[in-house]
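Open the model in your viewer and follow the stops below in order. Each one gives a selection and what is found there.

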Amino acid sequence: MSAAPYAGRIAALAATLEQQLLVLEPTNVRYLSGLRSTNPALLVQPSGDATLFSDFRYADAGRRAAAAAGSSFTVVERSLLKDITGRISGRVGFEAGFVTYAAWQELCAGGAELVPTQGVVEQLRAVKDEAEIDVIRRACAITTQAYETIATEGLIGRTEREVAARIEALFHAYGADGAAFPSIVAAHENGARPHADTRDVAIGPGTLVTIDCGAKLEGYCADCTRTFSTGDLPADLQRAYAVCLAAQLAGLEAIRPGVSGDTAHQAAAAVIAEAGWGDAFGHGLGHGVGLDIHEAPTLRPASQDVLVAANVVSCEPGIYLDGLGGVRIEDLVVVREGGAEVLTGYTKELVTVH
Ligand code: ZN
Ligand code: ZN
């Protein structure tokens, strides 16, 4: 990434704060400071002053991160919360969705007045800068390359688990840090499970094979699903693919600034419902993607999240036919003023792979 963005991110956070905020969620700390630690804290004042904390193992990285982010760094004990509780006072915001009850009790022990907050840093993370989008674009390009190779190498006779392992090897070979999440490879009736466990079962002919995977690059995730045919499909699966693709295109069409997560979801769900499979699409249309594979905003029924430019979200309707198989088609897109910019370039035409 080009010029370190961290000072700007801390300033943007500070501008939203009514009181100091103690950030403990490691990905939030990484986003704000650049520090990759399993045991970090970042205390941000409404004035913009910030102190980064971690233990001895991260002292050197912490000092360098703090210098680049324009904040200070303090080495704390390995039992970070016990140490921090003596260093905070007054009203202190904390991440209510992350801090456990036990951690909250520890933090209270020093007498600070803890104020629960929700999604404050996550709101900022949901809007990407162009440098972040560029990294995600490259992670998606690696993912596309892996799909191209898998399609050439063939599917029939390989187990789901072998294909999943091959995808991860390809991600490494093509320059990624690794996989953003364990790849899903689901053939035959296993394809009817949206989050299928990948099995030691060989893929046979005449079915759909759903592959959901994404490379990870410089900490950022890609997320893409394609469904392949292994030839001569049952009529219902053939039709399910066409309906799912139409729904996915309707979802993409709906994704633009000002649209709620619910509205985008309904645009795709309506196509599936019209085909008579309303009950066969039981999950949300999509989710934000960034440093985490699932982050804000969410696109699903009743989601009041409103899309804004530079959100990066997935669009992934599926049709799951119990006992027969399933299809899901997923693109990762950037929300732009003019609509969705698709980052995942592998073809969505039904590709037959033997
Ligand atoms: Zn996915
Ligand atoms: Zn996804």
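Show the surface of the largest pocket first: its lining divides into seven nonpolar, seven polar and seven charged residues. This is a predicted model. The pocket has a volume of about 400 Å³, and among its 21 lining residues those closest to the centre are His-195, Asp-223, His-287, His-294 and Glu-316. Colour strands E13 (286-288) and E14 (295-299), each of which supplies at least two lining residues. E14 gives the largest share, three residues.

Next, select the zinc ion (ligand 2). Its donors are Asp-223 (OD), His-287 (NE2), Glu-316 (OE) and Glu-330 (OE), at 2.1 Å. Along the chain they follow the spacing D-x63-H-x28-E-x13-E. Why is the arrangement irregular? The donor atoms subtend angles of 78 to 151 degrees, whereas a tetrahedral label requires all angles to lie between 85 and 135 degrees.

Glu-316 sits in the loop between strands E15 (312-315) and E16 (318-321), and Glu-330 in the loop between E17 (325-328) and E18 (331-336). Glu-316 is buried at 9% relative accessible area, and Glu-330 is buried at 0%.

Finally, move to the second largest pocket, with about 200 Å³ of space. Select its lining, including Pro-26, Arg-30, Asp-177, Lys-216 and Asp-292. Helix H2 (residues 26-33) gives the most, three residues. Domain 1 (5-125) and domain 2 (130-342) each contribute at least three residues. By class, the lining has three nonpolar, three polar and six charged residues.

Notes
Residues numbered from 1 in each chain as written. Chains lettered and ligands numbered in written order. Predicted model: local features only at pLDDT ≥ 70, side-chain atom pairs only at ≥ 80, totals over all residues. Heavy atoms only, no water. Donors = N, O, S within 2.8 Å, 3.2 Å for Na, K, Ca; no water. Tetrahedral: all angles 85-135°; square planar, octahedral: opposite > 155°, others 65-115°. Helix = DSSP H or I, 4+ residues; strand = E, 2+ residues; numbered from the N terminus. Buried < 20%, exposed > 50% of the residue type's maximum accessible area, 1.4 Å probe, protein only. 1 Å grid on protein atoms, 1.4 Å probe; cavity = no way out; pocket = protein on both sides within 12 Å on 5 of 7 lines; lining within 4 Å. Points joined across faces, edges and corners; volume = space filled by probe spheres on them. Nonpolar A, V, L, I, M, F, W, Y, C, P; charged D, E, K, R; others polar. Domains from an automatic or database assignment.
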